Amino acid sequence: MARKYIPDPRSKRHRHHDQNEIQDALTIIEQGNSIRSAAKSTGIPYSVLQRYNRKKQINPDFKVKKIGGQTVLSKDIEMSIVSNIVKCSEWGYPITEFEVRLFVKYHLSVVGCTVKSFKNNCPGVEWIKSFMNRYKHIISQRMCQNIKRNRAAVTPDDINKYFDNLTISLENVPPSNIINYDETNLSDDPGRKKIICKRGTKYPERVMNQTKSSTSVMFAAAADGTLLPPYVIYKAAHLYDTWTVGGPPGTRYNRTTSGWIDGNCFIEWFSTIVIPYCRRLNGKKVVIGDNLSSHLSPEVIKLSEKYNIDFIFLPPNSTHITQPLDVAFFRPLKGSWRAILDDWKSTTKRGMKAATIHKDCFPALLKSTISKLNDKKAQNILSGFEKTGIYPINRNRVLSMLPNETENYTNTSQISENLTNFLKKCRYGIEENVEIKRKKRLKVQPGKSIKSHDLDEASDIDDPDECENNEDNENEIPKNNVGYIREEELQCSNSNSNKAGQMPLDILKDNIDEGTWVAVNYGRKKAKLFFGKVTNVIRKGYIYEGSFTRQKKSTLPKIHVFPDVKDFCEFLIEDVVRIVSPPKYLRRGVLEFDTSIDDIIETMK
């Protein structure tokens, strides 16, 4: 049977009357009116009403059916299927057309029903197409995007707590004083586009250079639609003057070795972009952003207190629904960027030959990208603040994007409570105590195969790569959003046993504070020492962060200097060899210690 029946245009066309219209006309006839008067008042032909009235007289329980073929499943069963489809989609576990067909087959086997029109009692492709067409006002087929489980674990309770605090913090704050910031990257790839080619071409190609490189840009916007000047961060060791020419007005430029913003860049961005904007405003100012560790430091807190600026951090793993720039600004911005980049690579001589975007061309391209948005720029910013419920304050805008345990589009009684509980466990996770087993290295001769009984003879030597590559360990302690340290390493640091040449751990734990100078060993098999100053006590007696020096290339082994890009790194208490005396500052950036690294290494042998 055709999926969509198209009648022959040469044949006589008859009007198809709705079953409810015919039922209303039959009710008028039952009230004592004639068939002809009912036909005149309803517009239904006399012969149609006469035929249905005769069937009604023969069978008083007769009900008017829909014209055409009838569905295999009843209306109630189909609505139940639709309700379950919607519920699964709300909780982040949508099902496909094939899975709907399997669900119907399972239902028919449970109730003991056999449908001859279904092969092996499983609906075909034509049935699911008709089913989707019948309920297209409720469900539709769309492309989905994947989100991580930690993002899906954000609950309505987390959002409600966030808005409880946000309502108090934004009280009597005008929209011009509410600022949202976020960092994004503009890549070198202009993306794919539709082209015209020969019919049957499987892999159409376009000659255009593109790489996976990208440039980070920090954007900030106010709730009244104002876009603050961007802050560009290049991936480089040095910054050149040609990289800062031709950009949007007020743009600031910096560089890092990673290409992403760090603590020093954030301080400069805050002092050169946010503070000049806030100086012109009266009253309380609020800056909203994610809780990245590099976005907060004592210097930033002091500056914010000086200029009456409050920091508000978004709930963890919720920026996809609570970050205004993420929700409504970055997507049109990147669409404009790809269009500008495509035009530059296709029309300009330098863009055609360039393997990647030259850094001296990036400011001009960024300026063209922002200018291309025109009036939509302010409109997108306003939409982002409204969609995230920040201004005007409205928590329901965010809660509507999370699954609701009670809401249903059709009939609440048709959705099983067990299904809701199952989906809730799948989305928010099940708390289980899983024992983590560490890998062990096997003593196997090269070229010899291994069998299961050889595992009993495995060596107890731990895999040295375990410390760096194990990303699935759930019993981990975060290293200030940089890496992870295993619980076994912390237990090892609790031990009072000392390595050769190392100070007692009890003395180290009690005397290492912020500002203390230490000698830290980063070598595993061979000693590799560095002198460093403790800049942050992450966990007293266990984990620290420090800024480390480098030995100057000279004949004086006690002379050290800080590198051009400061080296911040975390270390355990067990990696500390000893506490050293503060160095003497000979001149700017040059330090002299009372001992040398070679002398300490000699005591460790």
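Me: Leaving aside its neighbours within four places in sequence, which residues is Ile 81 in contact with?
Reply: Happy to start there, keeping in mind that this is a predicted model. Ile 81 is in contact with Leu 73, Val 100, Phe 103, Val 104 and Phe 131, once its neighbours within four places in sequence are set aside.

Me: And where is Ile 81 found?
Reply: Ile 81 sits in helix H4. Ile 81 has a relative accessible area of 6%, under the 20% cut-off, so it counts as buried.

Me: How far apart are the C-alpha atoms of Ile 81 and Phe 103?
Reply: They are separated by 8.6 Å, and the two residues are 22 apart along the chain.

Me: Phe 131 was on that contact list too. Which residues of helix H6 are buried?
Reply: Helix H6 covers residues 125–134, and its buried residues are Trp 127, Ile 128, Phe 131 and Met 132. Looking down the axis of H6, you find these buried residues within an arc of 130°, so they line one face of the helix.

Me: What do the buried residues of H6 pack against?
Reply: They pack against two helices, H4 (75–90) and H5 (97–111).

Me: What about Val 111, is that one buried or exposed?
Reply: Val 111, which is in helix H5, counts as exposed because its relative accessibility is 52%. Together with Tyr 106 and Val 110, Val 111 forms a nonpolar patch on the surface, with about 330 Å² of accessible area in total.

Me: Let's zoom out. How many helices and strands does the protein chain have?
Reply: There are 21 helices and 17 strands. The chain has 605 residues, and buried residues make up 37% of them.

Me: Of the contacts with a separation of 6 or more, what share is between residues 24 or more positions apart?
Reply: Those account for 65%.

Me: Switching to rings: how many aromatic pairs are there?
Reply: The structure holds 24 aromatic pairs. One of them joins Phe 531 and Phe 593, with ring centres 4.5 Å apart and planes at 40°, so the pair is tilted. Phe 531 lies in strand E10 and Phe 593 in the loop between strand E17 and helix H21, so the pair ties together parts 62 residues apart in sequence.

Me: Are Phe 531 and Phe 593 buried or exposed?
Reply: Phe 531 is buried, with a relative accessible area of 0%, and Phe 593 is buried with 2%.

Me: Which residues form the aromatic cluster?
Reply: That cluster is made up of Tyr 234, Tyr 240, Trp 243, Tyr 253, Trp 337 and Phe 362.

Me: Now charges. How many salt bridges does the structure hold?
Reply: The structure holds 14 salt bridges. Among them is the one between Arg 395 and Asp 164, whose closest N and O atoms are 2.7 Å apart. This pair links distant parts of the chain, with Arg 395 in the loop between H15 and H16 and Asp 164 in helix H8, 231 residues apart.

Me: What does Asp 342 form a salt bridge with?
Reply: Its partner is Lys 193, and the closest N and O atoms are 3.7 Å apart. Asp 342 is in helix H12 and Lys 193 in the loop between E1 and strand E2, 149 residues apart. Asp 342 counts as buried at 14% relative accessibility, while Lys 193 counts as partly exposed at 49%. Lys 193 and Asp 342 are also linked with Arg 206 in a network of salt bridges.

Me: Last topic, the backbone. Where is the peptide bond that is cis?
Reply: The bond from Tyr 391 to Pro 392 is cis, with omega near -5°. Pro 392 lies in the loop between helix H15 (376–387) and helix H16 (396–399). For context, most peptide bonds are trans, and most residues other than glycine have a negative phi.

Me: So which residues other than glycine have a positive phi?
Reply: They include Asn 172, with phi near 65°, and Asn 308, at about 55°. Asn 172 is in the loop between helix H8 and strand E1, and Asn 308 is in the loop between helix H10 and strand E6. Asn 172 is exposed, with a relative accessible area of 75%, whereas Asn 308 counts as partly exposed at 39%.

Note on methods:
Residues are numbered from 1 along each chain as its sequence is written. This is a predicted model: local features need pLDDT of at least 70, side-chain atom pairs count only at pLDDT 80 or more; totals for chains, interfaces and linings use all residues. Side-chain values use heavy atoms; hydrogens and water are left out. Buried means under 20% relative accessible area, exposed over 50%, partly exposed in between (1.4 Å probe, protein chains only). Helices (H or I, at least four residues) and strands (E, at least two) are DSSP runs, numbered from the N terminus. The arc is that of the directions from the helix axis to the C-beta atoms. Contact means heavy atoms within 4.5 Å. Patches are made of residues with over 30% relative accessible area and no salt bridge: like charges are joined within 9 Å, nonpolar side chains (Val, Leu, Ile, Met, Phe, Trp, Tyr) within 5 Å. Accessible areas come from the Shrake-Rupley method with a 1.4 Å probe; for residues, only the protein chains shown count as cover. A salt bridge is a side-chain nitrogen of Lys or Arg within 4 Å of a carboxyl oxygen of Asp or Glu. Rings of Phe, Tyr and Trp (its six-membered ring) pair if their centres lie within 6.5 Å; planes under 30 degrees apart count as stacked, over 60 as edge-to-face and the rest as tilted.
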